[in-house]
Amino acid sequence: MSTNDALLKQVNISAADDNLVARFEIDGNIPGSGAYVVGLVAASEDYSSQRRLGIEFMNGEAISFYSFNHSLSAEENYDIKGVEHSGNVITGNFPISAIHGLSKGHVMTAFSEADGREFQSGVPVNEAL
C-alpha cells in the first residue's frame, strides 16, 4: 500500500442513543487487498486511562470490530453489523460504554494501519458528544 492510498481525510464522532458513531472519511477507497485498520484512541488528559477502538478490514471486507481497554488489558469484540462502509466512508457504531470512565477533558485522535504497520496516527477528530 502506498502512502497515497486510503489516507484518513476526516474523522467525526457523535453520540446516538447508546452508540458512539465514528465516521471515517478516507482519500480513496478501502484497499482491496491486505489488512487495513481504522480506529480511535481515546484517553484521559494524563493518558493514565486509554481505550483503542478499531475496525479491521481484510481484502476490502470488514472482519473485526472491537475496543481495547488498556487499564484492564481487555478486548471486547462487537457484532460486525455495527460497521457500514461504502466507497471512501467507513462508519462504526461502537457502544458508548467503550469510552466510559474517561473524563469530559479526554483526548481523542484517529489512526490507520496497513498490513500490520502504523500508517497514520494523531489524526484530529471532530467531536459532537
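A charge is taken to sit over a ring if NZ of Lys or CZ of Arg is within 6 Å of the ring centre and within 35 degrees of the ring normal. The charged end of R52 meets this rule over the ring of F111, 3.8 Å from its centre. The model is predicted, so local features need pLDDT of at least 70 and side-chain atom pairs count only at pLDDT 80 or more, while totals for chains, interfaces and linings use all residues. Residues are numbered from 1 along each chain as its sequence is written, and side-chain values use heavy atoms, with hydrogens and water left out.

Turning to the strands (DSSP runs of E, at least two residues, numbered from the N terminus), β5 (residues 61–69) and β6 (residues 74–77) pair in the antiparallel sense over 4 bridges; pairing requires at least two bridges found by DSSP. N69 has A74 of β6 as its bridge partner. The two strands form a hairpin with 4 residues between them, and S73 in the turn has a positive phi of about 50°.

Aromatic rings come next. Rings of Phe, Tyr and Trp (its six-membered ring) pair if their centres lie within 6.5 Å; planes under 30 degrees apart count as stacked, over 60 as edge-to-face and the rest as tilted. The count comes to 3 aromatic pairs. One of them, F65 with F94, is tilted, at 4.6 Å centre to centre and 45° between the planes. This pair links distant parts of the chain, F65 in β5 and F94 in β8 (residues 89–95), 29 residues apart. Y78 and F94 form an edge-to-face pair, 6.4 Å centre to centre with 85° between the planes. F65, Y78 and F94 form one aromatic cluster.
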